[in-house]
Amino acid sequence: MSETSLRGQVAVIGIGMSAVGKVPGRSPLSLAAEATRNALADAGLDRSEVDGVLSSHAFASPFHRFSVAFSEYAGIRPTFSNTLQVSGATAATMFSIGAAAIHGGLARTVLLVAADSLLTGLTPDLALRSLTESRDQQYEMPFGIPVANTFAMTAHRHMKEFGTTPEQLAEVAVVHRRHASRTPGAQQTSPIAVADVLNSAMVTTPYHKLDCSLISDGGAAFVLTSAEHARALGVEKPVYILGCGECYTHEHIFLMPSLTTTGAVDSARNAYAMAGYGPADMDVAGIYDCFTGTVIMMLEDLGFCKKGEGGPFVADGQMTYGGCIPANTHGGLLSFAHPGMPGSLFHFHEVIAQLRGQCRDRQVADAHLGLVHSLGAGFATNATTILGTREAL
Amino acid sequence: MSPEDASRKPLPAPDADTTAFWRGLKDGRLLLQHCGRCGHVQYYQQAMCRACGSEQLEHRPASGRGKVHSFSVVHRAPGPAFKTDVPYAVLLVELAEGPRMISTFAGGDPADVTFDMDVELSFDEVSEEITLPRFRKV
């Protein structure tokens, strides 16, 4: 570990969410403010103590400089701020950049906040359209590629190479729904079976409607500060950032080096190396689950099982309570909520709540180490964060 | 985006990097860039070789033959412009020269598409300016 390592230098001292799911009539700024109020209250801090603000872009907001617009809205005058954009991986980069800013002396207390209203602020058609628009205008868009399509082609190839089955993909959705049924405020909680997934409308092969994540409204916010300041504040259950990693392998899906092994391998390797832990040490995980097959591939690339074995791993109950790695215990993007960029922040919210022991009947026993992996743009962007309690330092 | 815009299919707007590529397609040729320094063959068109950074790039027509590396049949269109086209197969084709590209299956029933299927180029003139490269079964 180098002297400049971020390991254990910064703590998460506050977490909060807005109303989540279908929340009509609320702008992304208003949802972000609600999440921020809750995170600051959780931290026991006044907004005047926040000197850094990091956000991600909101599709349903006209403000490109969302972090700046939000600071004005919330009455915060930051001396460090940015609006980050690496698609779905943005969430994890908010944590690493926020931590680096604190460790590097750019700010003392950084608020991470993202919110969007993809469900009611944009029509579903326009929400999908806005995501599709982000693909290459010359070499991809003319062919009518839905956002699900690039991910679908990776899963399809995974099925061809490793024999992963539609039933195994469906099982991912079933597990997420079961997890969501115990999470207050989750958008979809009625139980589903493998047959329900396979009988739901085909979106783009091999993905049925229930293989795809939700479209939602909502947001989340976090308060970060230095480990030292957290101690001075007397924070009862600080959760430390122990490891961070990123990897960007391509922009166009046709330049993805392998459809079945992703940049998550390097992203996770860097995060584990910084943390000084490996996949077998993790007690709980938050894994970006935009589609069912995504989870299977990530369980492999993050090191929880061998390449090609993700399907049987899930079908064998290894990603839930009692298995190797209880993951997405809140229900994930598939069943809790997916408002776009903030979606992966809910994985952080859940893993941090698990590490603090605050998850009641969905609590993973003795959870001290957790991993969150965020990704986006057809696996173009990958970012991993490893979090731990005081005992894991 | 207005509803009228959303119902129109997006068309490429050629720029300095890609004018030759789209002109090639209009003339019935799929141009790949061959690097004069390291021999790398690349798709898409740009001002430098992605392997070695050289600017000595030469356009050469592809054989037009390739294999389906992966595919996905779209049943829910990405917006109104593609609604009447479903179901259609989006292909990730590995060209005989090495590079991969995204396209769609123009050879009939999308249910006929299989992994590693041999395909060949098929030119779809969608406007006066633009011809899209699609693929059909050999």
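What share of the contacts in chain B with a separation of 6 or more comes from residues 24 or more positions apart? In this predicted model, such residues account for 48% of those contacts in chain B. The corresponding value for chain A is 77%.

Chain A contains 13 helices and 11 strands. Its C-alpha trace spans about 55 × 45 × 40 Å along the principal axes. For 393 residues, a compact globule would have a radius of gyration near 21 Å, and the 19 Å found for chain A agrees with this. Of the 393 residues of chain A, 65% count as buried.

H5(A) is mostly covered, with 13 of its 16 residues buried. Just after H5(A) comes A:Gly163, which takes a positive phi of about 75 degrees.

A strand of chain A provides a second example. Strand S3 of chain A covers residues 80-84 and includes A:Leu84. Is A:Leu84 buried or exposed? A:Leu84 counts as buried because it has 20 C-beta neighbours inside 10 Å, and 20 is the number at which a residue is classed as buried. Leaving aside residues up to four places away in sequence, A:Leu84 touches A:Leu54, A:Ser56, A:Thr90, A:Thr93, A:Met94 and A:Ile97. A:Arg65 lies 19 residues from A:Leu84 along the chain, and the C-alpha atoms of the two are separated by 9.3 Å.

Chain B has 2 helices and 8 strands. In sequence order, the pattern of chain B is α-α-β-β-β-β-β-β-β-β. Its radius of gyration is 16 Å, close to the 14 Å that the globule rule gives for 138 residues, so chain B is as compact as a globular protein of that length. The C-alpha trace of chain B spans about 45 × 35 × 25 Å along its principal axes. Of the 138 residues in chain B, 34% count as buried.

Three strands of chain B form an open sheet with antiparallel pairing, in the order S2-S1-S3. Strand S2 (41-42) and strand S3 (57-61) stand at the edges with a single partner strand each, so one side of each is left without a neighbour in the sheet. Strand S1 of chain B, residues 31-35, runs antiparallel to S2(B) and is joined to it by 2 bridges. B:His34 has B:Val41 in S2(B) as its bridge partner.

The two chains meet in a contact that takes 31 residues from chain B and 28 residues from chain A. On the side of chain B that touches chain A, the elements giving two or more residues are strand S4 (65-74), strand S5 (88-95) and strand S6 (100-104) of chain B. The residues on that side of chain B comprise 20 nonpolar, 7 polar and 4 charged.

In soluble globular proteins, nonpolar side chains tend to be buried together. The largest nonpolar core here has 169 residues, of which A:Ala32, A:Leu112, A:Val113, A:Leu299 and B:Leu91 touch the most other members. Apart from residues up to four places away in sequence, A:Ala32 touches A:Phe70, A:Val113, A:Ala114, A:Ala115, A:Gly219 and A:Ala221.

Note on methods. Residues numbered from 1 in each chain as written. Chains lettered and ligands numbered in written order. Predicted model: local features only at pLDDT ≥ 70, side-chain atom pairs only at ≥ 80, totals over all residues. Contact = placed C-beta atoms within 7 Å. Helix = DSSP H or I, 4+ residues; strand = E, 2+ residues; numbered from the N terminus. Nonpolar A, V, L, I, M, F, W, Y, C, P; charged D, E, K, R; others polar. Core = buried A, V, L, I, M, F, W, Y, C linked by C-beta atoms within 7 Å. Buried ≥ 20, exposed ≤ 12 C-beta atoms within 10 Å, placed from the backbone. Rg over C-alpha atoms; globule rule 2.2 N^0.38 Å. Pairing = 2+ DSSP bridges.
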